[in-house]
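Please consider the structure shown here together with its sequence.

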Amino acid sequence: MLFWSVAALVLIALIFDYINGFHDAANSIATIVSTRVLSPGKAVIWAAFFNFVAAFVFGTGVAQTVGKGTVDIRIVTLPVIGAGLVGAIAWSLLTWWLTLPTSSSHALIGGYAGAAIAKGGMAAVLCIECTAWNKTLAFIVVSPFIGLLVGYSLMIAIYWLMRYVPPGRVDHWFRRLQLLSAAFFSLNHGGNDAQKTAGIIAAVLFSSGYIATFHVPLWVQMSAYAAIGLGTLAGGWRIIHTMGSKITKLQPVGGFAAETGAAVALMTATHFSIPVSTTHAITGAIVGVGSTRRLSAVRWGIAARIVWAWLLTIPAAAAIGAGTYLLLRATGAR
């Protein structure tokens, strides 16, 4: 019975990872599609490939943070993890349906924490070992700011360096350079996001006694990266228009700057083992790029709607996770 429970939770976690991929596919490909450098079909293949390649580049620091750094791993049980995944999946699907580019990462952290609180009270997320919250919450602000700052600075530098180059030639160069920036962003997207699911699966294995110490087995890493890559391959078409053109209109040079800025934000967070939102990073970078033309080039109403969705993600997913755990407990699951 334990084996099948563990297998079911691993499968649900990989389903979440797949949903994360197609929910966040817009982050990876919206800019390169909106600038018409690649067709949507080619763009998702490009992004999915680099999502998976990230498995051979990054370690498991983010997985460790999510799995045991946000909740007290000693009180975590299989129903807690299952309820947390339900909270994350439900919120991700709802915001996908509403075409809101919210954070699947924060939905996962929120759902997991909400279920843990329902079982063990606030002590479940305020324990001595729960050291990740300050960094995670801080990067809700820091990651879009890094993306905005790098995207804005790159655009200013490019305008200055290319001020005597004919626009047609600039466009020609940056159509090719955007392939590199999209690959760089997708690599860092996979490197941060796939680790979060890997951390949850490691928590499943640890809580059920299949591993004696908390670590992330190689097969877990490969499965998580494959799932997010396949999800990206499926494409999150409903959100692409919001990210690619509703916030501001991008040209290839702007797409290059936005993707590079967001990738730098993700790489910084991954280096410090912080689970960060790719959605926050790319949105901040797009706003930074748009602001270099004029402030009115950014549709601030759309940006504000996205920010409200960001603020709601952790508490909303936590509420769903907590409610799901309480329902499971009512059936006798602990």
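The points below are grouped by topic. The model is predicted. Its largest nonpolar core has 55 residues, and helix α7 (167–207) is among the elements that give two or more residues to this core.

**Nonpolar cores**

- In the largest nonpolar core, Val 71, Ile 81, Leu 85, Tyr 112, Ile 200 and Val 204 touch the most other members.
- The elements that give two or more residues to this core are α1 (2–34), α3 (61–68), α4 (78–97), α5 (104–120), α7 (167–207), α8 (218–234) and α12 (300–330).
- The most residues come from α7, which gives 9.
- Not counting residues up to four places away in sequence, Val 204 touches Val 6, Leu 9, Val 10, Leu 78 and Ile 81.
- Another core, of 23 residues, lies apart from the largest one and includes Phe 139, Phe 174, Phe 256 and Ala 285.

**Packing of α7 and α10**

- Helix α10 (residues 252–271) packs with α7 at an angle of about 25°, and the two axes are 8 Å apart.
- The two helices, α7 and α10, are therefore roughly parallel to each other.
- Their crossing, that of α7 and α10, is left-handed.
- The contact of α7 with α10 has 14 nonpolar, 10 polar and 3 charged residues.

**Gln 178**

- Gln 178 lies in helix α7 and is buried, with a relative accessible area of 0%.
- Neighbours within four places in sequence aside, Gln 178 is in contact with Thr 31, Ile 32, Thr 35, Val 37, Pro 252, Gly 255, Phe 256 and Glu 259.

Definitions and conventions
Residues are numbered from 1 along each chain as its sequence is written. This is a predicted model: local features need pLDDT of at least 70, side-chain atom pairs count only at pLDDT 80 or more; totals for chains, interfaces and linings use all residues. Side-chain values use heavy atoms; hydrogens and water are left out. A nonpolar core is a set of buried Ala, Val, Leu, Ile, Met, Phe, Trp, Tyr and Cys residues joined through side-chain atoms within 4.5 Å. Buried means under 20% relative accessible area, exposed over 50%, partly exposed in between (1.4 Å probe, protein chains only). Helices (H or I, at least four residues) and strands (E, at least two) are DSSP runs, numbered from the N terminus. Contact means heavy atoms within 4.5 Å. Axes are lines fitted to C-alpha atoms, for helices over the stretch in contact, and angles run from 0 to 180 degrees between N-to-C directions. Angles under 35 degrees count as roughly parallel, over 145 as roughly antiparallel, 65 to 115 as roughly perpendicular and the rest as oblique. A crossing is left-handed if the near helix is turned anticlockwise from the far one by less than a right angle, and right-handed if clockwise. Ala, Val, Leu, Ile, Met, Phe, Trp, Tyr, Cys and Pro count as nonpolar, Asp, Glu, Lys and Arg as charged, and the others, Gly among them, as polar.
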